[in-house]
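Please open the model in a viewer and keep the selection tool at hand. The stops below proceed from the whole chain to single residues.

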Amino acid sequence: GENLTGWLFVAPVVAILGLFLLLPILMAFWVSLTDWNGQGSPFTGDVPFVGTENYTRLFTADGLARQDFMTSLRNNVYYVAIVVPAQTVLALLLAVVVNSRMLKGKGFFRTAFYFPSVTSSVAISVVFLFLFANSGAVNALLGILGVDGPQWFADSRGVLHLLLGGLGVDAPPDTLTGTGVLGLSWWDWLAGPSVAMCSIITLVVWTTSGTFMLMFLAALQNVPETLDEAARIDGANRWQRFRRVTLPMIRPTLFLVLTLGLIGTWQVFDQVYVMSQGNPAKTTLTPAYLSYRTAFRDFEYGSGAAISFVLFLIIIGLTLVQRQVLRDRDGADRRSRWRRRVPRAGVR
């Protein structure tokens, strides 16, 4: 009777989630197995069924589809590798600052640091377009310092290529011009993010750090002060107390921040749509924007849905890897030792 009552209470939520979440996912997966062009219903017999062709075209078939997809993956890998550590470190640093007892006006600084996170990303993207224009404030500031600022949204070269060019390496070595991984040469994979992508990275780190700062702040306020005092009495300095006491206590929050950051960076879309739309020369193209462009501009809904499901698998895989890396090893070892000590039923 209790089980039946419980299911009756959760039945409305299950029905809503199934209707508006699970069912659309299954419909999108079916579309990824077809060659639907957006005309009519994708669930009629008139729509060609292509199976896994949309998926194999992204990885094995030579052509523009695989090249664009691999280019978007390369751009997103650089984006994730910079944004996730930067926003996590900055958020933790801001949380430590606003949690300090010596800081005056904590409420003002907490609001100021959090304010960019609640501002429209589209509005902030437009502001950053003006800041990083050829005659914008950023290039004007660099000019005062004697630096000739780049053409932020016109230069398609990666920052690693720009640095090598400054050292006199303008042409790639022959060993890096051949076929590399999945259709892109090693020279393309080692290009680094473009200056346009760097401007988007700056925007995202600035706007997302405030939200993660609040998460870290809540975790820091839950750390017992007695632990910090005991470590201070034992002679630990500030860095040792932070590393050995504070960080282990906020490990669950750290995992949450890294997971949310990883998911958000692989799904970046609105900043790219407003600021660059994949330009210059596809150096800001991301899988999420490529999926949108393929489906709603090129009217290849099957390929667009396939890209979105590949992106979904990438996010799930990286999240599981991150969970494995950040798992509580000490707790796992204790549980393992406890299982070995407890005798199994029927064993003497």
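Helices (H or I, at least four residues) and strands (E, at least two) are DSSP runs, numbered from the N terminus. The model is a predicted one, in which local features need pLDDT of at least 70 and side-chain atom pairs count only at pLDDT 80 or more, whereas totals for chains, interfaces and linings use all residues. Residues are numbered from 1 along each chain as its sequence is written, and side-chain values use heavy atoms, with hydrogens and water left out.

**The whole chain**

Begin with the protein chain in cartoon view, where 17 helices and two strands can be found. Its C-alpha atoms fill a box of roughly 70 × 65 × 45 Å along the principal axes. Of its 348 residues, 34% count as buried; buried means under 20% relative accessible area, exposed over 50%, and partly exposed in between (1.4 Å probe, protein chains only). Contact here means heavy atoms within 4.5 Å. Among contacts between residues at least 6 apart in sequence, 67% join residues at least 24 apart.

**The nonpolar cores**

Next, select Phe 69, Tyr 79 and Trp 266, which touch the most other members of the largest nonpolar core, a set of 39 residues. Such a core consists of buried Ala, Val, Leu, Ile, Met, Phe, Trp, Tyr and Cys residues joined through side-chain atoms within 4.5 Å. Elements giving two or more residues to this core include helix H3 (64-98), helix H10 (195-221), helix H13 (251-266) and helix H16 (301-325). Another core, of 14 residues, lies apart from it and has Ala 91, Val 98, Leu 217 and Leu 220 among its members.

Return to Tyr 79 and display its surroundings: beyond neighbours within four places in sequence, Tyr 79 is in contact with Met 197, Ile 200, Ile 201, Val 204, Thr 265 and Val 268.

Is Ser 72 buried or exposed? Its relative accessible area is 0%, so Ser 72 is buried. With neighbours within four places in sequence set aside, Ser 72 is in contact with Leu 285, Thr 286, Pro 287 and Leu 290.

Now select Asn 75, which lies in helix H3 and counts as buried at 5% relative accessibility.

**The loop between H14 and H15**

Ala 281, in the loop between H14 and H15, has a positive phi near 55° and is exposed, with a relative accessible area of 56%. Lys 282 has a positive phi of about 65° although it is not a glycine, and is partly exposed at 27%. Most residues other than glycine have a negative phi, and most peptide bonds are trans.

**The packing of H1 on H16**

Finally, select helix H1 (residues 2-32) together with H16. Their axes are 7 Å apart and the packing angle is about 120°. The contact is made by Ile 25, Ala 28, Phe 29, Val 31 and Ser 32 of H1 and by Tyr 301, Gly 302, Ala 305, Ala 306 and Phe 309 of H16.

Conventions: Axes fitted to C-alpha atoms, helices over the stretch in contact; angles between N-to-C directions.
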